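Here are my notes on the model you sent over. Have it open while you read.

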Amino acid sequence: QQVADVVPGYLRAQSADGLTVGAAHLGPLSGRWVSVLFYPVKNPRGQIAGLISLPVNLQALGERFLGAVAPTDLVVVIDQAGRVIMRSRDSAAWIGKPVPEAQRLGATGAAGRAFMAPGLDGVARFFVAASVAGADWRVLAGVPVDQVLAAPDRALGVGLLLVLGGLAVALAVAWRVSLALVRPIEALSHVATQVAYGQTALRVPPQQGPRELAEVAQTFNRMLDAREQAQQSLSASEERFRTLTALSSDWYWEQDAQHRFIRVDGQPGRRSGPLLSDYVGKTRWEFPAPNLTDADWDRHRAALQAHQAFRGFEIQRLDDNGQLHWVTISGTPMHDAAGQFCGYRGVGSDITERKQQEQRRLSLSARIEELSRGLVQAQEEARRRFSGELHDRTSPNLAALRINLDMIAAATPQARLTDAYAHRIEDTRALIDDTTASIREICAGLHPVALEAGGLLAAVRSFAHQLASRTGLRVSIDCPHGDIRLAPQLGLALFRIVQEAMTNCAKHARAKVVVVKLQFANDPMQVSVTDDGVGFDADRVLQRATRVGLGLLNMRETAEFVGGRLRIESVPGGGTQVTVQIDAQQSGRDP
């Protein structure tokens, strides 16, 4: 209302569809006679969203367009109130004053009709009038009456010519004034409307017209340039923000002062519970989180009420299929320009895969501990076995050797020459050979030399020969790619498995034939030991973990320790097959 009181035409311009020209008045700041031009700017929906308003200095405008009028002639522009707003002569002295009543009445008559009226300077003139398009202005163009009557013989012709000439001058002035006011403003309005539609690259073209309009157009163009630069800078900043957000998290979120989500942008790599759009308008604790108790949520809400930043808050969510997912969120409080708290903003990430990896790591750690305990048990079992072999074979031989040596040492020289002592000496040599062979076998069992010299195939053949010679088993070895060498650790592990399986065939299976297959070129690589013995219930034996079962457990743990899988297939009375499979990338084999 304050603007309407100071600027005539402001209220009418708010509902007009095109250019409106306000009444002439003294500007409250400039002290000059001005008229404010208004042009509506519409938004993309066709509604008036604003007004382009421009105060025009009427005296400067009159001097620009009426300065070329002959001194004896007179052109006057009057407003709806009948006041002079532009004059071709002495404009500064007459602007704002009312025109003579005769001129005002003549101006309101039919356009193009000549009339005679005195001017403010007291000179009577013939006048014609024309309207200014878009404004409640009238243009009066007149010539002195005495010039028309000076030649009576030509009075009629000259009078008509003068009337027509005056009318042409009035129309020309009205046309020029209208174009000068309307065209630049229409161009400015057109560009403003197109900018509202998103065509921000448009600019107002330079046009002839009042200096004020040119300055407005230049200012408007500079504003668009600055806006374009700011928009480019903002776009670059947003792109950097999106890039950093994408690199550091899966989504970005904002909350209002009541901790309701108002924005959630981004897309996690997998469904981490509800859709991101489902969060808008709700709080975080309105969604189920199996890993959090009421006390956990109370602590989180207390931190939010205290406007504290938080990092790494882990939440478990359920998706539509009932699958559990883990997310982690971090947030920081937001404040407005006045320092008032207005909500939170932050980022979130799907950490389901990381959590699964942690679970696998813990499971593997537990399994490694279990395998380590199994290996310790296997070492103890090996020590017990070799201790038993030393006790059962080596110790009796050493005791017999001591007895023979004591008897030989106590005999007389003549007694040593008899056949009985000669036989005892031969028995001593046999005991020494047997003890040496026993120690060699024990050493071969502890660390097979053939494994380093000839590889797994050579070590298996050597052990099979020794086992067959002691037990009478018929051992068949099938190895189509015996030239392939395995990594030392893998070869030793497979040898221990084959050694344990063949030993079980001799001790427990009461087998007659054993078949060993070494398939190094397969993927996965496979080693198997098959016998025709009595068989057993493998699952029951493994669960009982007796001394026999402990050997089976050791084989399984040894296979797992090198990344393999062990399978035992056996039924009572149907023989046994022990198979180890190892993927090619873990075999470390060399041609």
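1. Ground rules. This is a predicted model, where local features need pLDDT of at least 70, side-chain atom pairs count only at pLDDT 80 or more, and totals for chains, interfaces and linings use all residues. Residues are numbered from 1 along each chain as its sequence is written, and side-chain values use heavy atoms, with hydrogens and water left out.

2. Helices here are DSSP runs of H or I with at least four residues, strands are runs of E with at least two, and both are numbered from the N terminus.

3. The largest cavity. A cavity is a set of points on a 1 Å grid, over the protein atoms alone, where a 1.4 Å probe fits but cannot get out; lining residues have an atom within 4 Å of a point. Two cavities reach 30 Å³ or more, and the largest holds about 50 Å³, a volume being the space filled by probe spheres set on the points. H14, strand S17 (525-531) and strand S19 (576-582) each give two or more residues to the lining of the largest cavity. H14 has the largest share, four residues. Among the lining residues are Leu-494, Val-527 and Thr-579.

4. Asn-221. This residue lies in helix H8 (residues 211-248). Asn-221 counts as buried at 15% relative accessibility (buried is under 20%, exposed over 50%, partly exposed in between, with a 1.4 Å probe and protein chains only). Leaving aside residues up to four places away in sequence, Asn-221 touches Arg-203 and Val-204 (contact means heavy atoms within 4.5 Å).

5. Salt bridges. There are 15, each a side-chain nitrogen of Lys or Arg within 4 Å of a carboxyl oxygen of Asp or Glu. In one of them Arg-83 meets Asp-79 at 3.2 Å, N to O; Asp-79 is buried at 6%, while Arg-83 is partly exposed at 24%.

6. A link across sequence. Asp-583 and Arg-565 form a salt bridge, with their closest N and O atoms 3.4 Å apart. Asp-583 is in the loop between S19 and helix H17 (584-587) and Arg-565 in strand S18 (residues 564-570), so the pair ties together parts 18 residues apart in sequence.

Conventions:
On a 1 Å grid over the protein atoms alone, a cavity is a set of points where a 1.4 Å probe fits but cannot get out, and a pocket is an open set with protein on both sides within 12 Å along at least five of seven lines; lining residues have an atom within 4 Å of a point.
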